[in-house]
Every structure is written in structure tokens, then in C-alpha cells.
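Hi everyone, thanks for coming along. Let's take a few minutes to walk through a structure together, and please keep the view open while I talk.

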Amino acid sequence: MFVWTEEQKALLDTVQAFAQKELAPKAEHLDETETFNSDAFKQMPQLGILGILAPEQYGGAGLGCLEATLVMEKLAESCASTVLSYLAHTILCVNNLTENASDKQKAKYLPDLISGKCIGGMGMTEPDAGSDMLSMKTKAEKKGDKYILNGTKTYITNGPIGDVFVVYARTGPEKKQLSTFIVEKNFKGFKTGKKLRKMGMRASPTGELVFENCEVPAENLVGEENQSISHMMRNLNVERITISGISLGIASSSLAYSKNYVNEREQFGKTLAQFQTTQQRVAEMANQLVAGQTLTYAMARAYDEGNRDMRLGAHAKLFTAQMATKVALDAIQLLGGYGYTREYPVERYMRDAKLMEIGAGTNEIMRMLIARQELGLKD
Amino acid sequence: MPFRYYPEAGLDSDEAKTRSTVRALVDKHIRPTIGEDDRTSQFRRSTFEVFAREGFGAIFINAALGGKGLGYESYYAAIEEVARGSVSLAITLGVNHLPQGALVQFGNPDQIARYSKRFGSGELLGAFSLSEPNAGSDATGLILAAKRDGKGYVLNGTKAWCSTAGFADLYLVMARTGPDRSKGITAFLLEKDTSGFRVGKQEKKMGLCASPLGELIFENCQVPDSQRIGEEGMGMKVALSQLDGGRVVIGVIGLAIAKECLERLWSLGKKEGESLAPGWQARSAYWYARAQALHSVVHQVALSKNRGEPITALAAQIKLLGSDLAMEVSSGVVEALGTRGVLREYEVERLLRDAKALQIVEGTNQIQQLVLAREMEAMQS
């Protein structure tokens, strides 16, 4: 339905072949055992996707937000939770550094992250600072040539497996006095806390990062002190556009699975596809998916063309997250009893989709962002 | 604190007593273990027995036959209170009452004498099996064969999605004894040790994890006449007589999920001393209004059931609205709680996974709409 360039087609073909071979066959088992697909992650550098937005000089692919989103979608058709970890690495860590770090910092960290030697993540959320992120309490105090970090981050994707984290911490009493640091897992005073058990996205490890007088060299401060807000905002917009690709992938698989099923399953002497109620539901699912794709691709293109309006990510993510949950629920309903069992993947699609309405800013925060702009309200 | 719903249980002393007894049992015996049971897909017979010892294994069979002899207000109240702690166990208890209903309604005196007291004491746990791999929504498409053979029947075939399979002692099974889609079906009450009968694979599910669901396999399974419930060919009538009640149970469980999630939203969804965000206040007010309406309709259907009136339309309405409300509220509250919403320790995600099943079991919601439309057509003519 959509028209892609030859390069985009080639990228999609490569990624799809990889997903079908390395992700799809393992997705069910990894969900069941709540394990990270490290084999697949190790192969991602060969596809050139770990630094998809990063400049070529550091091993990146130098592509745009649209390509990154398409890759997320294609991979998520097979295993959304592996893609969530991929996104935390590639967008939250690698792209954050690409956009905000100094040349020296980039030279030090990007090559290992992009070649897959290190796994990256990002630490923003805290137990008492979720949607209200400016209330974060993790503190960084400068002592000589070091910053001393104290506090706890939670709900961190890749927390239990990451090597390098981009971490936000408070450097002053004002709400907006936040700074960005690069923290390696073997820095003194850093440890990972408990791994969290989740409803879905179970192959993507989530956990706490704990800082107890954690010593971070001053050279690992990203940008100037107290400048984090602009780092965050820039990266959150990219995150919200590209994460929409995950929602699209989940919805697309839900629809594909449903279509096969209703064409084969017979009840009352005909296939489910021959019932008008089934046709209406499938058409609605397809319509929602195409609407989500159209919206997301348009927002990604706008971003690539230089538009930095925070509504790009908010619109794409708000619509696609809700759409993915709805379409996955519809798929379960079409499969009936079968859809509810773990023998069929659609219940996993739904559990994975639900997180899309929460992570990277909840639906409510997306609506708030949109409303503020639409209504001209101040923060 | 729980929100208030009218009529309050206090209007009927049995119901009030049932609610407080069950609530105490739920707090003591279910809440501490349900997280683990959900995670490990474990059914605890011992928890069922705790409820059975208090008479909740056979709530509406009358006392002379060994049951607790309560009315349907109390039955639905008990199911609702159990579901707040464990949707899985509420399903087990609800399903357990289906063969009991068939027994007292269609069984002969011998059969009632043989089984009702043992249901009452909790010695027996019952199951109900209608669905087959190729007969889900299309129930009368079932093909499990029951061939006449001397003084009994020989059963061959497979049943699917039987709740409590493998843990139940007595199974109400619908099988085919003739070619007529509906009138060629006969009901049997099968003991678990019957030769030629075994339980096949246990399903792994998205939710209802502490409620087993499995296949039943019949290989030259010999069933004597004495296990037939009702006459030959009456099986669909027997099944349908229980399905309406079963649908109310599903709707009531949906109501329980909605009520439980609403309370979690108001306790977890705001910081200490602050009020709930206005957007969530508005949404939860609307959910509360719908839960209240449904709560009242459940009392209405209980009264009808006590009087022995047909409840087909009401049951379909309750199942449809209750399961949809459960899905909407649990999904909304997961979202409202943010990341805590999807974490297993906060339990709302479990309620959401459980809620989805309610739109599918006891006839999908699409089937409920067909049933209702048929009832509406009948009212027109």
C-alpha cells in the first residue's frame, strides 16, 4: 500500500529475513521464560541497525527516523519485546549520545555500542517520578573531577543487562536543573536492582538502577550542567515516533494472524470469513492499522525534514498504541477460545501492546502535550 | 474503602452474611497465594475445599439434599466476592455448580441421592463439557460419539476447553446419540475414573491461570445408562438450562473485576493526600455508574431465578455488559497506573488478562448478541 525507495525496500527485506529466522521462532519461548534474545542482539550489528540514526564515522547507518520506524515495525511483527530492548539501546542510548554528546564522548562510546559490544539503556523514571519526571530525586554532586550520584531509577528497559546508561540526575534545587551523565555498569557505587515481572514485553528485561555514592568522571557529563531538558525533549520525540513502529508491527501481526484464521476456521458450515460480523471487524482492524501507518510515516518524514514539534511523536504514539491494543484484542476475540490460549500468539500480542500505551509517556501525557499546543497553554 | 452499590447486601440477611463470610475467606485464603498461583498456573484444591467446608461448594442445592440452600442473590454475591480475590477460583466455583444444576433439575432420584450430598460436602468437584475443537460457537456441531451398546453407551471422541479438567471428579458431558443437530445430543454425568476416559493436554492461557483448562479424551469409554442425565436426545436442553445461569456468573465476575479495579485506581492512582487526576475522576465516575447499573440488574436476575422464571435475555445482557465493562475498566486502570499497571505485583494486569476471557467463555459476546437479537425478535412477534 505504501511506496518505498529501492534502499528502503532492501533494508526492509534484510530486516524481515532476519526477523523470521532469529526472532519469530523464539518469541513464544522467550516470553514464557522472560529471557532476552541475546543471540539476535549479537547479530544486529551485521544488519547495520544498532546505530541506525548515528553518523557513519562511528559505524552508524546515518539513516532517518522513517527508516528507524520501519525497522521497528518489521522486527516487531515477529517479537515486540526484543524490539523494545533494541529501541532502548538504539534510540534511548545511542541516539541520545549522537544528538547530545561531545565528539570525544561519541568516539569513546558509540563504536562499542553500535558494534554490539555493549548494550545501552537510559535512566529517567524513578519510583516517585513517572509522568511527573521533573520531580526526579536522583542527585549528582560535583566533587573534584567526579560527580557523585545517589538515588534509584526504576522501570529501566535493559536495566538488568545493560553496560552503558544515559542517566538523568538533579544538579540544582530548581525543578529544571537536571543534567545528563554516561554511566558504565562497572562504575564504583553503581548496581542494578531487582528485575521486574511484567504482563507483557517479557523478553525485554526491565529493572532498577541503584546509585550509592556512584562515582562518575566529570568528563561523562553530557553537554552543560542543567541542560537535560532539551536533551530529553529532543530524544523523547524520536523515541515516540519510532516506538510507534512497534505498535504497528504488533497490529500488523494481529491482523495477519486473524485473516489466516478466519479464512480457515469453519463454524455453522461456513468459514468465519463468510460471516458479515467477521468481515466488518477485519475491515475495521485493517482500516485502523493503515491509519496508524499513514500517520506514523508522515510524522517520521516531518521529523526527518527538520520539524521538531513535540506533537509529532505524541500524535503517532497516542494513536498507534491504542490502535495496537484494540487490534490485538480483536484478534483474540476472532480466535475465540484458541485466541486466549498461549498456543496462539495473539494473546502475547495484546500483552505486549498494552505497554505501548504506557512506556515513553502514557496516553494521558500524549493528550496533555497535544492539548497544551492546541490550546496555547503554558507548562 | 469499597464503594457502595445499591441495593446493599444488608437488604437480604443471607446475602449480607454470605458476603462477609466469603470476603473473610478470600482475604485469608486467596489473596496471599493468588499471585503465585497465577504465575505458576497452579490450581489449589485445598482452597476450593476451604470454601466447600463453609458450604460454598453447593450453594443453591437445598439443605435437605446436602447443599447450603441459599437463594441466587447469595450465590451471585459469593461468586462476586470470590472473583475479587481470584477470578480463576470464581470460575471453578461457577463451573462446579453447572453439573449440580443439571443434576437437581434433570437427574432421577437415584442420581440425586448418589451425588448431591457429596457435592454439598465438597467431596465432589464438578465440571461441564460442551465445546469441541470444531464446535465452539457452533455448539450443536459437536461430534463426540455416544453409541448405544447393551445397557449403556460407548463414547469416542474429544472435548476441548473444559474448565477444571483433570481436577474435577464428575463431568457433565454432552455427546452425540443421533443425527439431528440439536435433538441428537445426550447428556452424561461421568465419574473421573470411568474406563476409557482420560484428560488430554492442559492449555496454557493468557489469564485465568489458576483455573485449569484441558481436553477430555474418550476412547471406547463405557458409560452405563445410570449416568445419563435426562432422556436420550435431551442433552442440548440440559446444557442450555445451565448456560443461562453460567452466563450470569460470567457477567458477575466481570462486575467484580470492574469494582476491584475501580478501588485499586482510587487507592493506587494518586499520591498520598492528593486527589485523583480530573480525567481519571471523570472516567471512573462513568465506570462506577455502569457498575452500579449492572449490580442492580444482577439482583433483578437473582430474583427471577429464585422464582424459576426464564432468564435468557437478562443472562445474555449481563454477560455482555459485565465482560465488556471488566475489559474497559481493567484496561483503563492499567493505563492510569502507568508502569505499575503492567507490573505483576500490582495485580491489575492479572485482572486485565482474566477479563479478556470473559468476552469469550460461555458463548462469545458475538453469540450473546445473536441470542439477544433472537429474544428481541420473539418479543416482537
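Let's start at B:Ile79. If we set aside its neighbours within four places in sequence, B:Ile79 is in contact with B:Ala90, B:Leu93, B:Gly94, B:Val249, B:Val252 and B:Ile253. One thing to keep in mind as we go: this is a predicted model.

So what sits around that residue on a wider scale? The largest nonpolar core has 245 residues, and B:Ile79 is among the four that touch the most other members, along with A:Phe181, A:Ala328 and B:Ile253. The element that gives the most to this core is helix α8 of chain A, residues 311-340, with 17 residues.

Now let's look at how some helices pack in chain B. For two packed helices, we give the angle between their axes and the distance between the axes. Take helix α7, residues 235-268, and helix α8, residues 278-306, both of chain B: their axes come within 10 Å and cross at roughly 150°. Angles over 145 degrees count as roughly antiparallel, and therefore α7(B) is roughly antiparallel to α8(B). The crossing of this pair is left-handed.

Which residues meet there? From α7(B) we have B:Val248, B:Val252, B:Leu255, B:Ala258, B:Lys259, B:Leu262 and B:Leu265, and on the α8(B) side they meet B:Trp280, B:Ser284, B:Trp287, B:Tyr288, B:Ala291, B:Leu294, B:His295, B:Val298 and B:Val301. Sorted by class, this contact has 13 nonpolar, 2 polar and 1 charged residues.

Helix α5 of chain B, residues 87-106, packs with helix α6 of chain B, residues 109-121, at an angle of about 145°, and their axes are 10 Å apart. Here, too, the crossing is left-handed. B:Gln100, B:Leu103 and B:Val104 come from α5(B), and they meet B:Gln111, B:Ile112, B:Tyr115, B:Ser116 and B:Phe119 in α6(B). That contact divides into 5 nonpolar, 3 polar and no charged residues.

Next, the two chains together. How many residues of chain A are in contact with chain B? There are 29, and they touch 27 residues of chain B. On the chain A side, the elements that give two or more residues are α8, α9 (346-356) and α10 (363-375). Of these, α8(A) gives the most, with 6 residues. By class, the chain A side divides into 9 nonpolar, 11 polar and 9 charged residues.

Let me finish with some backbone details. A:Glu34 has a positive phi of about 50°, although it is not a glycine. You will find A:Glu34 in the loop between α1 (6-33) and α2 (38-47) of chain A. Is A:Glu34 buried or partly exposed? A:Glu34 counts as partly exposed because it has 17 C-beta neighbours inside 10 Å.

B:Trp161 is not a glycine either, and its phi is positive at about 55°. B:Trp161 sits in strand β3 of chain B, residues 152-163. With 24 other C-beta atoms within 10 Å, B:Trp161 is buried.

And one last stop: B:Tyr6 and B:Pro7 are joined by a cis peptide bond, with omega about -5°. B:Pro7 lies in the segment before α1 (13-30) of chain B.

Methods:
Residues are numbered from 1 along each chain as its sequence is written. Chains are lettered from A and ligands numbered from 1 in the order in which they are written. This is a predicted model: local features need pLDDT of at least 70, side-chain atom pairs count only at pLDDT 80 or more; totals for chains, interfaces and linings use all residues. Axes are lines fitted to C-alpha atoms, for helices over the stretch in contact, and angles run from 0 to 180 degrees between N-to-C directions. Helices (H or I, at least four residues) and strands (E, at least two) are DSSP runs, numbered from the N terminus. Angles under 35 degrees count as roughly parallel, over 145 as roughly antiparallel, 65 to 115 as roughly perpendicular and the rest as oblique. A crossing is left-handed if the near helix is turned anticlockwise from the far one by less than a right angle, and right-handed if clockwise. Two residues are in contact if their C-beta atoms, placed from the backbone, lie within 7 Å. Ala, Val, Leu, Ile, Met, Phe, Trp, Tyr, Cys and Pro count as nonpolar, Asp, Glu, Lys and Arg as charged, and the others, Gly among them, as polar. A residue is buried if 20 or more other C-beta atoms lie within 10 Å of its own, exposed if 12 or fewer, and partly exposed in between; C-beta atoms are placed from the backbone. A nonpolar core is a set of buried Ala, Val, Leu, Ile, Met, Phe, Trp, Tyr and Cys residues joined through C-beta atoms within 7 Å.
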